[in-house]
Amino acid sequence: MTQLAFVIRFIYYATLTEPWYVLPCEALNGITFAVTWSVCCTYASTIAPQGSAATVQSVLDSLHWGLGSGCGALIGGIIYERVGSVNLFYLSALLSAISMIIAFLAALTTNGHTTNSSIILKHMKSLSREKDHNYGIEIRSSKGCTSSPMFTEISLSDSDNEIS
């Protein structure tokens with residue numbers, strides 16, 4: 001769904017005629033950024049080995065904001081210089097559409113199999129049904145990195161299980 005919002009945003013940007021018309025489209029940024037980033041962090045935490053969720057999320061953060069932003073700015077700048085902004089946004093829409101199709105096909109291949117996200121959803125639903133149980137939230141920081149949210153792990157725990 002967020003990839004569709006990216007496609008819509010990029011096509012909208014490519015067809016703009018007045019700079020102020022960009023403002024209504026920026027409402028989609030809440031969908032494309034916030035939802036995408038929260039899903040990425042949740043998935044990184046889900047696939048992380050026990051006790052290493054913060055490390056895996058740090059790697060994700062570094063790849064996205066470091067490598068991804070750096071390469072994106074460099075390659076995007078080269079494409080912008082060669083084909084212009086309009087064609088760059090159309091190309092971005094095309095790449096987002098291809099990414100959306102690949103994600104859809106990947107989701108179809110897991111049909112009938114239990115995925116990590118379905119396990120999490122089932123466990124969260126079972127937790128919400130237990131009204132008399134007291135759950136706690138614990139926030140742990142890696143040694144020497146207490147000021148950085150990148151190295152913080154938040155977990156919901158009960159007396160029997162821990163969900164990171």
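## Aromatic pairs

Rings of Phe, Tyr and Trp (its six-membered ring) form a pair if their centres lie within 6.5 Å; planes under 30 degrees apart count as stacked, over 60 as edge-to-face and the rest as tilted. Under this definition, ring pairs join Phe6, Phe10, Tyr13 and Phe89 into a cluster.

## Basis of the model

The structure is a predicted model, in which local features need pLDDT of at least 70 and side-chain atom pairs count only at pLDDT 80 or more, while totals for chains, interfaces and linings use all residues. Residues are numbered from 1 along each chain as its sequence is written, and side-chain values use heavy atoms, with hydrogens and water left out.

## The pair Phe33 and Trp65

Five aromatic pairs are present in the structure. In one of them, the ring centres of Phe33 and Trp65 are 6.0 Å apart and the planes stand at 55°, so the pair is tilted. This pair links distant parts of the chain, 32 residues apart: Phe33 belongs to helix α3 (residues 29-47) and Trp65 to helix α4. Helices here are DSSP runs (H or I, at least four residues), numbered from the N terminus.

Phe33 has a relative accessibility of 38% and therefore counts as partly exposed. Trp65, with a relative accessible area of 43%, is also partly exposed. The term covers values between buried (under 20% relative accessible area) and exposed (over 50%), with a 1.4 Å probe and protein chains only.

Leu60 lies in helix α4 (residues 53-83). Its relative accessibility is 21%, so Leu60 counts as partly exposed.

Leaving aside residues up to four places away in sequence, Leu60 touches Trp37, Cys40, Cys41 and Ala44; contact means heavy atoms within 4.5 Å. Between Leu60 and Cys41, the C-alpha to C-alpha distance is 7.7 Å, with 19 residues separating them in sequence.

Definitions and conventions
Helices (H or I, at least four residues) and strands (E, at least two) are DSSP runs, numbered from the N terminus.
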